[in-house]
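Hi,

Here is the structure I promised to pass on to you. Have a look at it first, and then read on for what turned up.

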Amino acid sequence: SLAKVAAFKAVILGAPGSGKGTISARIVKVFGVTHISSGDKLREHVANSTDIGKQVKKFMDEGALVPDETMISLVSHEIESISNANYLLDGFPRTLTQAEKLQKVQPVNLVLNLIVPHSVIIDRIKSRWVHLPSGRVYNVGFNDPKVPGKDDITGEPLSQRIDDRPDVVAKRLEYYVSKTEPVIGYYKRLGILKDFQGDTTDEIWPKISENVAQYIKK
Ligand code: G5P
Ligand code: MG
């Protein structure tokens with residue numbers, strides 16, 4: 001069997017709606033890693049109308065990227081506050097500048113890259129419902145909430161994301177291709193990229209789980 005490395009410092013990459021949040025939740029459940037979603041953090045700031053929230057709302061609603069300096073400072077502070085040696089970054093880095101900076105200060109050792117066709121993504125984003133305070137994600141027909149329109153754990157109402165409107169989704173996918181795909185090349189050159197291709201999360205999950213198990217015992 002493979003030797004376990006000292007720690008799991010990973011990134012999950014993939015287009016908007018490719019299943020990063022869904023797969024991260026499974027990794028957290030099975031392997032006990034700490035999950036940091038930059039998008040969830042930003043949405044929390046927006047919901048609480050903090051200074052950061054006020055700065056980033058416009059970018060997010062339009063499907064544009066928040067400036068690198070804001071993101072780097074936000075996420076490095078988050079990472080510093082983690083006591084768990086094993087963590088998973090979701091939604092960060094998504095520009096070359098962010099990836100290079102991260103590798104200098106808090107280097108990662110594994111990058112899980114989800115490859116899902118854009119046509120599949122566009123379909124599933126239409127039926128996404130979220131519990132904003134926790135970041136829990138549902139999908140009508142795939143992982144339905146136990147009670148329609150209500151969060152499983154708190155019973156609070158679910159909502160749809162402003163940036164899940166079809167025109168905004170199209171913009172987010174364009175930004176992914178132009179700004180985030182270079183990040184894939186960067187990690188590939190570092191030799192830490194693993195690709196996972198499929199139309200569904202259930203198809204991709206066993207391969208992900210097998211890979212993560214090489215770093216952390218269940
Ligand atoms: P986010 O929050 O990082 P995105 O756009 O990267 O947003 P998103 O939309 O959160 O990614 P995901 O997490 O990859 O998608 O996907 P998911 O939520 O798990 O799954 C999508 C839906 O499909 C869900 O309803 C799920 O239940 C369903 N699903 C999953 N698997 C299946 C399946 O097999 N079958 C079916 N039928 N359904 C399935 O970023 C948001 C914004 O924040 C800013 C930007 O403005 C960004 O647009 N931002 C940053 N800006 C700059 N730099 C950064 N680092 C930034 N981070 C965030
Ligand atoms: Mg997400």
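**Around the ligand**

Ligand 1 is surrounded by 33 residues, and the closest of them are Thr22, Ala64, Arg128, Arg172 and Thr201. Please keep in mind while reading that this is a predicted model.

A polar backbone atom of Gly21 is 2.9 Å from an oxygen atom of ligand 1. The side chain of Arg43 also has a polar atom 2.9 Å from an oxygen atom of ligand 1. For Gly91, a backbone N or O atom lies 2.9 Å from a nitrogen atom of the ligand. On its own, ligand 1 would expose 1,100 Å², and the protein buries 95% of that.

Which elements give two or more residues to the shell around ligand 1? They are helix 1 (20-31), helix 2 and strand 6 (136-139). Helix 2 provides the largest share, with four residues. By residue type, the shell around ligand 1 divides into 12 nonpolar, 13 polar and eight charged residues.

**A closer look at Arg43**

Is Arg43 buried or exposed? Arg43 counts as buried because its relative accessibility is 17%, and the cut-off for buried is under 20%. Besides the ligand contact through its side chain, Arg43 makes a side-chain to side-chain polar contact with Asp40, at 2.9 Å. If you set aside the neighbours within four places in sequence, Arg43 is in contact with Met60, Leu132 and Arg161.

**Helix 3**

Met60 leads on to the next element, helix 3 (residues 51-62), where Gly53, Val56 and Met60 are buried. These three lie on the same side of helix 3, because they cover an arc of only 85 degrees around the axis. The other side of helix 3 has Asp51, Lys54 and Lys58, which are exposed.

What do the buried residues of helix 3 pack against? Their partners are helix 2 (38-47) and helix 4 (68-80). Just after helix 3 comes Gly63, with a positive phi of about 80 degrees.

Best wishes

Technical notes. Residues are numbered from 1 along each chain as its sequence is written. Chains are lettered from A and ligands numbered from 1 in the order in which they are written. This is a predicted model: local features need pLDDT of at least 70, side-chain atom pairs count only at pLDDT 80 or more; totals for chains, interfaces and linings use all residues. Side-chain values use heavy atoms; hydrogens and water are left out. Buried means under 20% relative accessible area, exposed over 50%, partly exposed in between (1.4 Å probe, protein chains only). The arc is that of the directions from the helix axis to the C-beta atoms. Contact means heavy atoms within 4.5 Å. A residue is near a molecule or strand if one of its heavy atoms lies within 4 Å of it. A polar contact is a pair of N or O atoms within 3.5 Å; within protein, one must be able to donate a hydrogen and the other to accept it, and residues adjacent in sequence count only if both atoms are side-chain atoms. Accessible areas come from the Shrake-Rupley method with a 1.4 Å probe; for residues, only the protein chains shown count as cover. Ala, Val, Leu, Ile, Met, Phe, Trp, Tyr, Cys and Pro count as nonpolar, Asp, Glu, Lys and Arg as charged, and the others, Gly among them, as polar.
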